[in-house]
Amino acid sequence: MSIKKELLNELSEHQLKQLADSKGIIFNLNPVQKKYYQNWAEKDKLVDLMTTNHNITVSEIEKFIQTKKL
């Protein structure tokens, strides 16, 4: 598992959505992706999509986690 995916897995579904919103990430799935993710838990889907998103870096995730711990 990648470091990015491990860090994202530390966050709750709500926190993942907050992080995506703060980065302006919008998830528009095409029909193939919708079918692929149809039986996935929402959190698992978000983690998978965010792991492959190049607009968010490991350091940004780490900073987000730190702000949530304060």
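Helices here are DSSP runs of H or I at least four residues long, strands are runs of E of at least two, and both are numbered from the N terminus. By that rule, K43 sits in helix 4. Before going further, keep in mind that this is a predicted model, where local features need pLDDT of at least 70, side-chain atom pairs count only at pLDDT 80 or more, and totals for chains, interfaces and linings use all residues. Residues are numbered from 1 along each chain as its sequence is written, and side-chain values use heavy atoms, with hydrogens and water left out.

Let's stay with K43 for a moment. Its relative accessibility is 26%, so K43 counts as partly exposed (between the cut-offs for buried, under 20% relative accessible area, and exposed, over 50%, with a 1.4 Å probe and protein chains only). Setting aside neighbours within four places in sequence, K43 is in contact with N9, L11, E13 and L16, where contact means heavy atoms within 4.5 Å. As for L7, it is 36 residues away from K43 along the chain, and their C-alpha atoms are separated by 13 Å.

The buried ones are K45, L46, V47, D48, L49, M50 and T51. Their cover includes helix 1 (3–9), helix 2 and helix 3 (31–37).

The crossing is left-handed, that is, the near helix is turned anticlockwise from the far one by less than a right angle, with clockwise giving right-handed. On the helix 2 side, E13, L16, K17, L19 and A20 make the contact, and on the helix 4 side E42, K43, L46, V47 and M50 do. Sorted by class, the contact of helix 2 with helix 4 has 6 nonpolar, no polar and 4 charged residues (Ala, Val, Leu, Ile, Met, Phe, Trp, Tyr, Cys and Pro count as nonpolar, Asp, Glu, Lys and Arg as charged, and the others, Gly among them, as polar).

Helix 2 (residues 13–22) also packs against helix 5 (residues 58–69), at an angle of about 125° and with the axes 11 Å apart. That makes helix 2 oblique to helix 5; under 35 degrees would be roughly parallel, over 145 roughly antiparallel, 65 to 115 roughly perpendicular, and the rest is oblique. This crossing of helix 2 and helix 5 is right-handed. Here Q15, Q18 and L19 of helix 2 meet I61, F64 and K68 of helix 5, and the residues divide into 3 nonpolar, 2 polar and 1 charged.

Finally, the aromatics. Rings of Phe, Tyr and Trp (its six-membered ring) pair if their centres lie within 6.5 Å, with planes under 30 degrees apart called stacked, over 60 edge-to-face and the rest tilted. That gives 3 aromatic pairs. Y36 and Y37 have ring centres 4.9 Å apart and planes at 80°, so they are edge-to-face. Y36 and W40 are a tilted pair, 5.3 Å centre to centre with 45° between the planes. Ring pairs link Y36, Y37 and W40 into a cluster.

Notes:
Axes are lines fitted to C-alpha atoms, for helices over the stretch in contact, and angles run from 0 to 180 degrees between N-to-C directions.
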